[in-house]
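My entries follow in the order I made them.

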Amino acid sequence: MSTLQLTRRRGLAAAGWLGPVVRRLGSGLAVLWAAATAAYVALLFAPGDTVDVLIGDGLDTPERRAQIIAEWGLDRSALEQYGDYLARLLRGDLGHSYILQRGVGDVLSSQIWPTVSLALTAAVFGVALALVLALATAGRRSRFGDLVGLSELVVVSVPPFLIGILLLAVFSFTLGWFPVSGDRGLVSLVLPAVALGLQISGVLGQVLREGLERALEEPFAVTARSRGITEWRLVIRHALRHALLPAVTLLGWFTGVLLGGAIIIEAVFGRPGLGQVTVSAVTGKDMPVVMAVVLLSALAYVTVSTIVDLAYLAIDPRLRRSR
């Protein structure tokens with residue numbers, strides 16, 4: 001292949017990526033703007049005075065009220081207030097917690113890593129377990145496969161917080177292998193990650209297994225077998241790629257499970273993190289923190305959704321040509 005042809009092919013490949021990426025980033029920014037607007041409208045139309053809503057259960061003094069009015073521009077028109085709010089967000093200013101007496105950005109940044117580490121560990125555990133079990137049981141009828149399928153149905157049906165309580169009862173209170181609560185390094189991360197990741201592995205394992213079994217019945221699989229390829233190589237090199245598309249779709253669902261489940265799991269295991277911050281902000285009516293958590297959740301969802309769309313394009317190049 002000549003240098004000109006190679007350059008032209010690379011240019012076409014880049015052009016195939018450019019359009020979908022730009023459109024996806026544009027839609028992601030639109031979702032973030034809508035989330036920010038919805039949070040602001042919820043604050044604006046909340047029952048009672050806006051200053052009272054922002055103060056929540058914090059100390060109510062004339063100085064505090066004057067500070068809130070100046071910070072949020074409540075002495076201006078609604079349109080000017082909205083413009084100031086968006087400008088502050090673009091600068092990374094999430095406001096001030098009038099209960100914790102700290103900037104909201106500082107509150108979230110000090111608690112985000114425990115939640116991120118829990119979510120990532122749970123995701124890695126869930127995906128790895130689902131992949132191993134799906135590869136071990138796809139296309140095979142055995143008692144082990146039936147047991148795996150039954151186990152997946154059980155972990156999908158049982159709420160993660162109940163799994164967490166059972167894990168605590170067995171491995172912490174009875175056996176004493178893991179700490180009961182707190183954040184004491186990797187050892188205290190095992191049980192929360194397992195409790196949160198089992199539901200992911202149950203759903204993903206079923207989807208992967210079904211996708212693999214469907215792919216193994218496709219004409220390309222029959223052709224590959226006729227050429228003498230081993231069954232294991234067929235699964236790994238060909239069928240798995242076809243099974244990944246429906247599995248990748250679940251990443252958006254994973255985000256909701258991890259964000260929502262982390263709040264409850266952190267409470268069950270007494271771990272620090274955004275879960276504790278969110279619960280405290282809701283019960284204390286700390287509206288700036290609640291709004292910031294909503295925006296952070298929207299950002300996480302948009303990020304994962306963008307990654308999912310780009311993963312589609314990487315797995316199936318035909319999608320780049322169709323967009």
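How many cavities of 30 Å³ or more are there by this rule? I first wrote the rule down: on a 1 Å grid over the protein atoms alone, a cavity is a set of points where a 1.4 Å probe fits but cannot get out, and a pocket is an open set with protein on both sides within 12 Å along at least five of seven lines; lining residues have an atom within 4 Å of a point. Grid points are joined across faces, edges and corners, and a volume is the space filled by probe spheres set on the points. By this rule I count 3 cavities of 30 Å³ or more.

Before going on I noted the ground rules. The model is predicted, so local features need pLDDT of at least 70 and side-chain atom pairs count only at pLDDT 80 or more, while totals for chains, interfaces and linings use all residues. Residues are numbered from 1 along each chain as its sequence is written, and side-chain values use heavy atoms, with hydrogens and water left out.

**Entry: the chain**

I read 14 helices and 2 strands; helices (H or I, at least four residues) and strands (E, at least two) are DSSP runs, numbered from the N terminus. Of the 323 residues in the chain, 39% are buried. Buried means under 20% relative accessible area, exposed over 50%, and partly exposed in between (1.4 Å probe, protein chains only). I also took the contacts (heavy atoms within 4.5 Å) between residues at least 6 apart in sequence: 71% of them join residues at least 24 apart.

**Entry: cavities**

The largest cavity has a volume of about 70 Å³. Its lining includes Trp 72, Tyr 85, Arg 88, Asp 93 and Met 291. H4 and H13 each supply at least two residues of this lining, and H13 gives the largest share, 4 residues. I sorted the lining of the largest cavity into 8 nonpolar, 1 polar and 2 charged residues. For the classes, Ala, Val, Leu, Ile, Met, Phe, Trp, Tyr, Cys and Pro count as nonpolar, Asp, Glu, Lys and Arg as charged, and the others, Gly among them, as polar.

The second largest cavity comes to about 50 Å³. Phe 178, Gly 182, Ser 188 and Phe 269 are among the residues that line it. The lining of the second largest cavity has 7 nonpolar, 3 polar and no charged residues.

**Entry: the loop between H7 and H8**

Ser 188, from the lining of the second largest cavity, sits in the loop between H7 and H8. Its relative accessibility is 7%, so I count Ser 188 as buried. Leaving aside neighbours within four places in sequence, I find Ser 188 in contact with Pro 179, Gly 182, Asp 183 and Arg 271.

Not counting residues up to four places away, Asp 183 touches Pro 114, Ser 188, Arg 271 and Pro 272. I get 9.0 Å between the C-alpha atoms of Asp 183 and Phe 269, which are 86 residues apart along the chain.

**Entry: H8 and the cores**

Why is H8 largely enclosed by the rest of the structure? I find 20 of its 26 residues buried, so H8 is largely enclosed. H8 has a kink of about 35° centred on Gly 197; the bend at a residue is the angle between axes fitted to the seven residues ending there and the seven starting there.

A nonpolar core is a set of buried Ala, Val, Leu, Ile, Met, Phe, Trp, Tyr and Cys residues joined through side-chain atoms within 4.5 Å. The largest has 35 residues, and Leu 118 and Leu 212 have the most contacts inside it. H8 supplies the largest share of this core, 12 residues. Apart from this core lies another, of 19 residues, among them Val 51, Met 291, Leu 295 and Ala 298.

The largest pocket has a volume of about 580 Å³. It is lined by 24 residues, and Ala 119, Thr 255, Leu 258, Leu 259 and Ala 300 are the closest to its centre. H11 gives the largest share of the lining of the largest pocket, 8 residues. By class I have 18 nonpolar, 5 polar and 1 charged residues in the lining of the largest pocket.

The second largest pocket holds about 440 Å³. Its lining of 16 residues has 14 nonpolar, 2 polar and no charged residues.
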